[in-house]
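Thanks for asking me to look this over. Could you keep the sequence and the model open side by side as you read?

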Amino acid sequence: MTTATPIDTRAERQIAGVFRGPGFHWVGDGFRVSNYFPSGNNFGHRISPFFLFDYHAPYSHAPTDQPDRGVGSHPHRGFETVTLAWEGSVAHHDSTGNSGVIGPGDVQWMTAASGILHKEYHEAEYARRGGPMHMAQIWVNLPKAHKMAAPGYQGIVDADIPRVALAGDSGYVRVIAGEYAGVKGAARTFTKLSMLDIQLKANGRAEFAFPAHENAGLMVLNGHVTINGHTVAKTHDFVLFENAGEQIVVEASEDSHLLMLNGEPINEPVVQYGPFVMNTEQEIRQAILDFNAGKFGHMED
Ligand code: MN
């Protein structure tokens, strides 16, 4: 006779798979990125509220005198663009009058919501000097209730991002958004999510626990790790977790740099057309009409 095993509410998080990004493409003439999702991999609602992940792996741009190498004026509506820089320097300005430069360690959290126009380009001094650029842009979807909120802008410098030291001299976690080990992140968000930038030393270990109904994914920016004692992920792998179990144990076999994305899914229909991410086709048509009517504001070149 056997007894039923009670359900372990802190069971290990199951892994849906380890995915690679597609070949790179150029965004404008300044950003050489691989689109991990949604075009490179169709994770759909399994990675919500994150909608898009463009990864600019380390790449050395040639020096230039061109003042705006990158992407010219374009609109966004219905979500937030989050740009993380690890190497190189990116400038931005938008139709609401916000502008900024993000360099190594900095994060730009831009809320397009009801609509902005903006430009994204290599910062002038970096462009003249040239050299390595390493960055990512993540689109964070907004729920229907906030898609038409006022645009916003959070320029978050490295010094504003709390660092949590990991036990056993394993490295540290930068809490960009959300919470880790009780430490709250730097960014304000509309829905519950966390974005954690992790440096693990060789033989270092980090633990995470997210409620099973929340989504989670781990990008290996550099290094070699083993997850929950069995699944290996290495440089440029993206690990998508299932909505089963909670605990994630990451052990590094060499110095590793990781980005953990986690959040409550937004359980609403998603319709994307280029730079617009809305709930319905009608809202997409309206976005195009509003853009053509000049309702996204004006840019000074
Ligand atoms: Mn943009």
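My notes follow as numbered points.

1. First, the ground rules. This is a predicted model, in which local features need pLDDT of at least 70 and side-chain atom pairs count only at pLDDT 80 or more, while totals for chains, interfaces and linings use all residues. Residues are numbered from 1 along each chain as its sequence is written, and side-chain values use heavy atoms, with hydrogens and water left out.

2. Let me start with the metal. The manganese ion has as protein donors H74 (NE2), H76 (NE2), H118 (NE2) and E120 (OE), at 2.1 to 2.3 Å. Donors here are N, O and S atoms within 2.8 Å of the metal (3.2 Å for Na, K and Ca), and water is not among the atoms, so sites may look incomplete. Along the sequence, the spacing of the donor residues reads H-x1-H-x41-H-x1-E. H76 belongs to strand β5 (residues 70-76) and E120 to strand β10 (residues 116-122), so this pair ties together parts that are 44 residues apart in sequence. Strands are DSSP runs (E, at least two residues) and helices likewise (H or I, at least four), numbered from the N terminus.

3. The cut-offs are under 20% relative accessible area for buried, over 50% for exposed, and partly exposed in between (1.4 Å probe, protein chains only).

4. Now to a sheet. Seven strands make an open sheet with antiparallel pairing, in the order β2-β3-β4-β11-β6-β9-β12. At its edges are β2 (25-27) and β12 (152-156), each pairing on one side only. From one strand to the next, the twist averages 25°; axes are lines fitted to C-alpha atoms (for helices over the stretch in contact), and angles run from 0 to 180 degrees between N-to-C directions. Two strands count as paired if DSSP finds at least two bridges between them. Within this sheet, β3 (residues 31-37) and β4 (residues 50-61) run antiparallel and are joined by three bridges; S34 has Y55 in β4 as its bridge partner.

5. P38 sits in the loop between β3 and β4. With a relative accessible area of 28%, P38 is partly exposed. Leaving aside residues up to four places away in sequence, P38 touches F51, L52 and Q272, where contact means heavy atoms within 4.5 Å.

6. There is another sheet to trace. This open sheet of seven strands is ordered β1-β22-β19-β24-β17-β14-β13, with antiparallel pairing. Its edge strands are β1 (15-20) and β13, each pairing on one side only, and the twist averages 20° from one strand to the next. In general, strands of a sheet pair through backbone hydrogen bonds, either parallel or antiparallel.

7. Follow β14 (residues 171-177) for a moment: six of its seven residues are buried, so this strand is largely enclosed by the rest of the structure. On one hand, β14 pairs with β13 (residues 163-165) in the antiparallel sense over three bridges, and A165 has Y172 as its partner in β14. The two form a hairpin with five residues between them, and G168 in the turn has a positive phi of about 70°. On the other hand, β14 pairs antiparallel with β17 (residues 193-200) over six bridges, with V173 opposite I198.

8. Which residues have the most contacts inside the largest nonpolar core? They are F53, L84, W109, M195, F238 and L259, in a core of 29 residues. A nonpolar core is a set of buried Ala, Val, Leu, Ile, Met, Phe, Trp, Tyr and Cys residues joined through side-chain atoms within 4.5 Å. Strand β4 gives the most to this core, with four residues. Apart from it lies another core, of 24 residues, including Y180 and F208.

9. F53 is worth a click. Not counting residues up to four places away in sequence, F53 touches residues including S34, M219, F238 and L259. Two of these meet again in a strand pair: M219 has F238 as its bridge partner in β22, and β19 (residues 215-222) pairs antiparallel with β22 (residues 237-241) over three bridges.
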